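Colleague: I am new to this one. Please show me the model, and then let me test the terms you use for it.

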Amino acid sequence: MVAYGLTAQLQANDVILIDTAAHHANIVPWQELAKRTGAVIKPIPLTANAQLDIDAYDQLLACKPKLVALCHVSNALGTVNPINDLIAKAKNAGALTLIDGAQAVAHLDINVQHIDCDFYVFSGHKMYDPTGVGILYGRFEQLNTLTPMLTGGEMIKTVSFDRTEYGELPNRLEAGTPAIAEVIGLGAAITFLQCLPRQDIAAHEQQLMGYLQQQLLSLGDITLYGIAGNPSQNNIGSVAFNLANEHHQDVGILLDQQAVAVRCGHHCAMPLMSELNLAGCCRASIGIYTNKQDIDQFIHALNTVKELLL
Ligand SMILES: Cc1ncc(COP(=O)(O)O)c(C=O)c1O
């Protein structure tokens, strides 16, 4: 909706900066916008341990990008971007900012005013909600300048055969009958999360994350990706790994046969995989329902896979 809505505001050679670790959902719409307008996409490079390269980012900002699109937390690696600093710098450079918060929203307390971005987006299904619905937060004045991606009923103020006047926000961006059932589900998920002691849960998840990383490393023959600084602080929700040179899919299937579900593949982040020189990897995730026994069961199963394959 944002990428389409900005079409009239971008021109040929305007620069769009994208996080190399971005999910395809935060790449492809910008590519389409670039096709429509002649804008140029520049990926923000990563450091050797797959963190966003701040020096390179600073240099790219010197070319005065029109828009900076970042992920808050990488869905593939679980790495957390220092979003407040990155946004402040982008704003100084005069860029519009969009954060993909899909992987952050279930784990962190998000305050969009504190982050100070222009847009913050996430999908409901990442926060225990049914699929097909999500949230676009935007500054009122920015949302108000977006061209509606869809037009039709509900988004209008008046219609005649000569002209149509669009309604006020949020209606002007929400054509047609809304996803009513999905939004009710989203509301229930938000209530559920807001009723929980979020800080205790975050602390619990981070403790499990430290344990998971440490157990994986002590298993041996495991490569972890995107680990830097204090790993249990730097990564949220997910750990990406491979077992020696084994194919991630083989590892995933053998884990699955032991009732352990990891995701395998490119994680909808092909540019990141090519940057890491990987065909893919496995990803273990932690949610509010995860406990230490789950991690022990996972490590036990992975050890069995290791004995089988190596
Ligand atoms: C970081 C991130 N962004 C975007 C998406 C895509 O969300 P959707 O499928 O709702 O467009 C996902 C996962 O699906 C994700 O993990």
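Modeller: First, a term. A helix here is a DSSP run of H or I with at least four residues, and a strand is a run of E with at least two. Both are numbered from the N terminus. Keep in mind that this is a predicted model.

Colleague: Where does D116 lie in those terms?

Modeller: D116 is in the loop between α5 (112-115) and β5.

Colleague: Why is the bond between L169 and P170 called cis?

Modeller: Its omega is about 0°. Most peptide bonds are trans. P170 is placed in the loop between β8 (164-166) and α7.

Colleague: On to the ligand. How do you know which residues are around the ligand?

Modeller: The cut-off is a heavy atom within 4 Å. The residues that pass are H23, A25, N75, D100, A102, Q103, S123, H125 and K126.

Colleague: What classes make up that shell?

Modeller: Two residues are nonpolar, five are polar and two are charged. Asp and Lys count as charged, so D100 and K126 are the charged pair.

Colleague: Which distances apply to Q103 and K126?

Modeller: A polar side-chain atom of Q103 lies 2.8 Å from a ligand oxygen. For K126, a side-chain N or O atom is 3.1 Å from an oxygen of the ligand.

Colleague: How much of the ligand does the protein bury?

Modeller: The protein buries 71% of the 390 Å² that the ligand exposes when taken alone.

Colleague: What is the volume of the largest pocket, and which residues are closest to its centre?

Modeller: The volume is about 1,200 Å³. The lining has 42 residues, and M1, F122, G134, I135 and L136 are the closest to the centre. Elements giving two or more residues include α2 (28-37), β4 (96-100) and α7 (180-195). By class, the lining has 28 nonpolar, ten polar and four charged residues.

Colleague: And what do we know about the second largest pocket?

Modeller: Its volume is about 610 Å³. It is lined by 27 residues, and A284, S285, I286, G287 and Y289 are the closest to its centre. α12 gives the most to this lining, with four residues.

Colleague: What makes a space a cavity instead of a pocket?

Modeller: A pocket is open, whereas in a cavity a 1.4 Å probe fits but cannot get out. The search finds one cavity of 30 Å³ or more. The largest cavity has a volume of about 50 Å³. Its lining includes D19, L46, C71 and N81. By class, that lining has five nonpolar, four polar and one charged residues. Asp counts as charged, so D19 is the charged one.

Conventions
Residues are numbered from 1 along each chain as its sequence is written. This is a predicted model: local features need pLDDT of at least 70, side-chain atom pairs count only at pLDDT 80 or more; totals for chains, interfaces and linings use all residues. Side-chain values use heavy atoms; hydrogens and water are left out. A polar contact is a pair of N or O atoms within 3.5 Å; within protein, one must be able to donate a hydrogen and the other to accept it, and residues adjacent in sequence count only if both atoms are side-chain atoms. Accessible areas come from the Shrake-Rupley method with a 1.4 Å probe; for residues, only the protein chains shown count as cover. On a 1 Å grid over the protein atoms alone, a cavity is a set of points where a 1.4 Å probe fits but cannot get out, and a pocket is an open set with protein on both sides within 12 Å along at least five of seven lines; lining residues have an atom within 4 Å of a point. Grid points are joined across faces, edges and corners, and a volume is the space filled by probe spheres set on the points.
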